[in-house]
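Hello,

Here is the structure I said I would pass on. My notes follow below it.

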Amino acid sequence: MPTHRTGSKEIFRQTLVGRAREMRQHLTAAELKLWDKLRGDQLLGLRFRRQHRVGSYIADFFCHAARLVVEVDGDSHAERQGYDEKRTYWMSQQKGLRVVRYTNEDVMKHLDAVLENIADWCSNVARPSPLPSPRSTGERE
């Protein structure tokens with residue numbers, strides 16, 4: 001979809017958005033299996049997005065409410081460890097997101113444990129502390 005923006009940043013953004021769309025259509029078997037359990041607010045009623053753009057990166061799964069990125073790593077990630085570390089650092093330090101990683105094997109063989117772990121990460125979101133209780137006036141009801 002063309003926009004009125006011009007320049008290299010816009011071209012990069014459009015390229016990244018197109019790449020994310022393409023990746024959504026070609027999920028790995030492990031990503032597809034996990035997506036089947038995350039889609040439609042099935043996990044704790046939270047909305048997850050798949051192949052979602054975060055800055056100049058694409059996260060496998062992203063939950064805005066929990067500020068959580070879920071990555072599913074295949075065999076190719078062993079060769080890209082430096083890139084993954086840089087990406088994780090940027091997402092956590094610059095964007096304040098939490099990044100959790102699972103292997104394809106974890107998802108394929110231990111899906112229930114992976115989902116439980118993701119639910120734990122989502123449940124441990126920093127929430128504002130509750131309002132303090134009103135001060136006692138010394139009067140009894």
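Predicted model: local features only at pLDDT ≥ 70, side-chain atom pairs only at ≥ 80, totals over all residues.

Two strands count as paired if DSSP finds at least two bridges between them.

Strands β1 (residues 49-54) and β2 (residues 57-63), in contrast, are antiparallel and share five bridges. Arg53 has Ile58 in β2 as its bridge partner. Two residues lie between the strands of this hairpin, and Gly55 there has a positive phi near 65°.

Taken together, the four strands make an open sheet of mixed pairing, in the order β1-β2-β3-β4. β1 and β4 (98-103) are the edge strands; each has a single partner, so one side of each has no neighbour in the sheet. From one strand to the next, the twist averages 45°.

Two helices lie across the sheet strands. Helix α3 (residues 81-94) lies across β1, β2, β3 and β4, and runs at about 55° to β2.

For the chain as a whole, there are five helices and four strands, arranged from the N terminus as α-α-β-β-β-α-β-α-α. The chain has 141 residues, of which 31% count as buried. Its accessible surface is about 10,100 Å², with 50% belonging to carbon and sulfur atoms. Among contacts with a separation of 6 or more, 59% are between residues 24 or more positions apart.

Regards

Notes. Residues numbered from 1 in each chain as written. Heavy atoms only, no water. Buried < 20%, exposed > 50% of the residue type's maximum accessible area, 1.4 Å probe, protein only. Contact = heavy atoms within 4.5 Å. Areas by Shrake-Rupley, 256 points an atom, 1.4 Å probe, with all protein chains shown as cover. Axes fitted to C-alpha atoms, helices over the stretch in contact; angles between N-to-C directions.
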